[in-house]
Amino acid sequence: MKKAELNYTKQGYSYIKCTAEDCYNWGGACICDDCNIKMNDDIYLIFILGRALCKKCFDEWSRRGKKYAEDIKLQNEKHIGFYNAYGFDVEK
Ligand SMILES: [Zn+2]
């Protein structure tokens, strides 16, 4: 697995920044799950959305997103396994 750094939005949602190569490796098509554009290397994989977004969609979501305590709880229980399943070795 590839080592990856776990990042957090200001609401506390985790994400990983990844490359087009990472995306092809997990079987993705490098298409933004929100706006459907072809992505190059700024790909944001986000547990709580279950989606991979381009930088523009990520920036919009991370700006307007709200923090829900239930989401954070679910995230803290499940996100490591989620990122592992996409081929990333993340540390808590
Ligand atoms: Zn997008």
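Helices (H or I, at least four residues) and strands (E, at least two) are DSSP runs, numbered from the N terminus. The model on screen is predicted: local features need pLDDT of at least 70 and side-chain atom pairs count only at pLDDT 80 or more, while totals for chains, interfaces and linings use all residues. Residues are numbered from 1 along each chain as its sequence is written.

**Whole chain**

Start with the protein chain coloured by pLDDT, the predictor's confidence in each residue, from 0 to 100. The chain averages 95, and 99% of the residues score at least 70.

Switch to a cartoon. The protein chain has three helices and six strands, and from the N terminus on these run β-β-β-α-β-β-α-α-β. Along the principal axes, the C-alpha atoms fill a box of roughly 30 × 30 × 15 Å. The radius of gyration, taken over C-alpha atoms, is compared with a globule rule of 2.2 Å times the number of residues to the power 0.38. For 92 residues a compact globule would have a value near 12 Å, and the protein chain agrees, with 12 Å.

Two residues are in contact if their C-beta atoms, placed from the backbone, lie within 7 Å. Among contacts between residues at least 6 apart in sequence, 51% join residues at least 24 apart. A residue is buried if 20 or more other C-beta atoms lie within 10 Å of its own, exposed if 12 or fewer, and partly exposed in between, with C-beta atoms again placed from the backbone. By this count, 27% of the 92 residues are buried.

Two strands are taken to pair if DSSP finds at least two bridges between them.

Strand 2 (residues 7-8) pairs with strand 3 in the antiparallel sense over two bridges; Y8 has S14 in strand 3 as its bridge partner. The two strands form a hairpin with five residues between them, and in the turn G12 has a positive phi of about 100°.

Step across to strand 3, where four of the five residues are buried. Strand 3 is joined to strand 4 by four bridges in the antiparallel sense, and Y15 has I46 in strand 4 as its bridge partner. Continue to strand 5: three bridges join strand 4 to strand 5, which run antiparallel. Here the bridge partner of Y44 is L53 in strand 5.

**The nonpolar core**

A nonpolar core is a set of buried Ala, Val, Leu, Ile, Met, Phe, Trp, Tyr and Cys residues joined through C-beta atoms within 7 Å. Which residues touch the most other members of the largest nonpolar core? Select I43, Y44, L45, I46 and L53, out of 22 residues in that core. Strand 3 (14-18), strand 4, strand 5 (51-53) and helix 2 (55-64) each supply at least two residues of the core. Strand 4 gives the most, with four residues.

Now show the surroundings of I43. Not counting residues up to four places away in sequence, I43 touches C18, T19, A20, C23 and A52.

**Helix 1**

Select D22, in helix 1 (residues 20-25). Is D22 buried or exposed? D22 is buried, because 21 other C-beta atoms lie within 10 Å. Leaving aside neighbours within four places in sequence, D22 is in contact with K2 and G87. For a distance check, select V90 as well: D22 and V90 are 68 residues apart in sequence and 14 Å apart in space, C-alpha to C-alpha.

Most residues other than glycine have a negative phi. C30, in the loop between helix 1 and strand 4, has a positive phi near 60° and is not a glycine. C30 is partly exposed, with 18 other C-beta atoms within 10 Å.

End on N36, which is found in the loop between helix 1 and strand 4. N36 is not a glycine, yet its phi is positive, about 65°. N36 is exposed, with 10 other C-beta atoms within 10 Å.
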